[in-house]
Amino acid sequence: MGGAEPRRILQLVSRDEAGGVQILTRMIEAGFTARGAEVETLALIRPGSTRERLAHLARVARRIAGGRYDAIFSYHAAAGLVMATVGRLAGVRKRLSHLTAMPEAIRPRWRAMDKLAGVSGGYTEVIANSAATAAAFADFPAAFTRRIRTIPHGVVPVPAALHEVDWRARLAIPAAAGVLVAAGRLTPQKNYETAVKALARLPEVHLAIAGDGPLRESLQALAAELGVERRLHLIGTLDRAALGDLFAIGTVYLSPSNWETFGLAAVEAQMAGLPVVASDLPVLREVLGAAGRPATLAFHPVEDDGALAAAAGRLLADPPDAATRAAVAGAARQRYGLDTMVQLYVDLLESRSGAAGRPT
């Protein structure tokens, strides 16, 4: 950090829950800590009664006001609004709001307040983790969009398989069966309903999803309706080591999302050498296409289970060779290294005008 006193950085999230935002905040914290910074991560919302939640929110506000932070990074609209008001009043010089959802996925009232915070200068910079995400906000006012800086998401590879869990044996998957894998919360955004429908078109293939969320029961009901309940495995949230073991039995990784701002888990799969079938979103073409090759990457129209099944079936029948998979994994690791991402943040924090980083 240039030999100066360690920076004090606060990361502010609405909720601390498993997912891409949690992974990103932990990576940023690790990267800046290694450079001598002091990093703290706080959630606005915690479990408890209404009174307990309000008391916690008041404590967070006091912490922001008296923390003497050099910078605040916010994730989610609610966290951004608290940063834009309390952080600005506290005189925090750098207030970086991250675009963690596409505009249409943000509730209208939150979208309007988020837009106002950016236009009024509550955010000094707005961080997009892909060019496609930045482009999705092009119709926001110029006073908002000129603050956007693109910092590609750093990705820490999932650990190589430790073979602590034999997932084929645990899930009773036959040795010769193809295995589709996915990782992410069971929410409408991830659109695993399409993956389950595709599974019904792929006899003897199994689908294992690492993650949990509100759609667990509906996905199980859909699987039962389609007669694939014994081939669908909803594993729940896994730690990194267990995820590495799961990836090791995978033949193809699925990313059927309705929207993404980056596609973190799909890049992790690329880094692990898995071929990927993804929904045809501009952001996934941008991010996955940077390292992927035709033999390791296929896209399908959003919510088209027939096209997903066809693409997965081709990769199951004709998987890429080990050398091709290794080359793609290496390219993904090089492009999305953690050090590259953190250095772009450092450059942005050290700039006075906010012009550092990769302008959109």
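Modeller: Helices here are DSSP runs of H or I with at least four residues, and they are numbered from the N terminus. The model is a predicted one.

Biologist: In which helix is Leu264 found?

Modeller: The helix in question covers residues 264-271, and Leu264 belongs to that run. Helices are numbered from the N terminus. The name of the helix with Leu264 is therefore H11.

Biologist: Is Leu264 buried or exposed?

Modeller: The relative accessibility of Leu264 is 9%. Buried means under 20%. Leu264 therefore counts as buried.

Biologist: Which residues does Leu264 touch, leaving out those up to four places away in sequence?

Modeller: Contact here means heavy atoms within 4.5 Å. With residues up to four places away in sequence not counted, the residues that Leu264 touches are Gly20, Ile23, His153, Gly154 and Val155.

Biologist: How far apart in space are Leu264 and Gly184?

Modeller: In sequence, Leu264 and Gly184 are 80 residues apart. In space, taken C-alpha to C-alpha, the separation of Leu264 and Gly184 is 9.6 Å.

Biologist: How many cavities of 30 Å³ or more does a search of the whole structure find?

Modeller: A cavity is a set of points where a 1.4 Å probe fits but cannot get out. With the limit set at 30 Å³ or more, the number of cavities found in the whole structure is 2.

Biologist: Which elements give two or more residues to the lining of the largest cavity?

Modeller: The largest cavity holds about 70 Å³ of space. Of its 13 lining residues, the closest to the centre are Ala183, Lys190, Tyr253, Ser255 and Glu260. The elements that give two or more residues to this lining are strand S10 (252-255) and H11.

Biologist: How many charged residues are in the lining of the largest cavity?

Modeller: In the lining of the largest cavity, 8 residues are nonpolar and 3 are polar. The number of charged residues in that lining is 2.

Biologist: Which element gives the largest share of the lining of the second largest pocket?

Modeller: This pocket has about 230 Å³ of space, and among its 17 lining residues the closest to the centre are Phe247, Ala248, Ala272, Gly273 and Leu274. The lining has 11 nonpolar, 4 polar and 2 charged residues. At least two lining residues come from each of helix H10 (240-249) and helix H14 (322-335). The largest share, 3 residues, comes from H10.

Biologist: How many salt bridges are there?

Modeller: The rule asks for a side-chain nitrogen of Lys or Arg within 4 Å of a carboxyl oxygen of Asp or Glu. Arg7 and Glu350 meet it at 3.8 Å, N to O. By this rule, the count of salt bridges is 10.

Biologist: How many residues apart are Arg7 and Glu350?

Modeller: Arg7 is in the segment before strand S1 (8-13), whereas Glu350 is in helix H15 (residues 338-350). Arg7 is buried at a relative accessible area of 18%, and Glu350 is partly exposed at 43%.

Biologist: Are Glu125 and Lys94, which meet in a salt bridge, buried or exposed?

Modeller: The N to O distance in this salt bridge is 3.3 Å. The bridge links strand S5 (residues 125-128), with Glu125, to strand S4 (residues 94-98), with Lys94. Relative accessibility is 3% for Glu125 and 2% for Lys94. Because buried means under 20%, Glu125 counts as buried, and Lys94 is likewise buried.

Biologist: Which backbone nitrogen lies 3.4 Å from a polar atom of the His300 side chain?

Modeller: His300 is in strand S12 (residues 297-300) and is buried, with a relative accessible area of 0%. Among the residues that His300 touches are Pro256, Val277 and Leu308. The backbone nitrogen at 3.4 Å is that of Ser279.

Notes
Residues numbered from 1 in each chain as written. Heavy atoms only, no water. Buried < 20%, exposed > 50% of the residue type's maximum accessible area, 1.4 Å probe, protein only. Polar contact = N/O pair within 3.5 Å; in protein donor to acceptor, adjacent residues only side chain to side chain. 1 Å grid on protein atoms, 1.4 Å probe; cavity = no way out; pocket = protein on both sides within 12 Å on 5 of 7 lines; lining within 4 Å. Points joined across faces, edges and corners; volume = space filled by probe spheres on them. Nonpolar A, V, L, I, M, F, W, Y, C, P; charged D, E, K, R; others polar.
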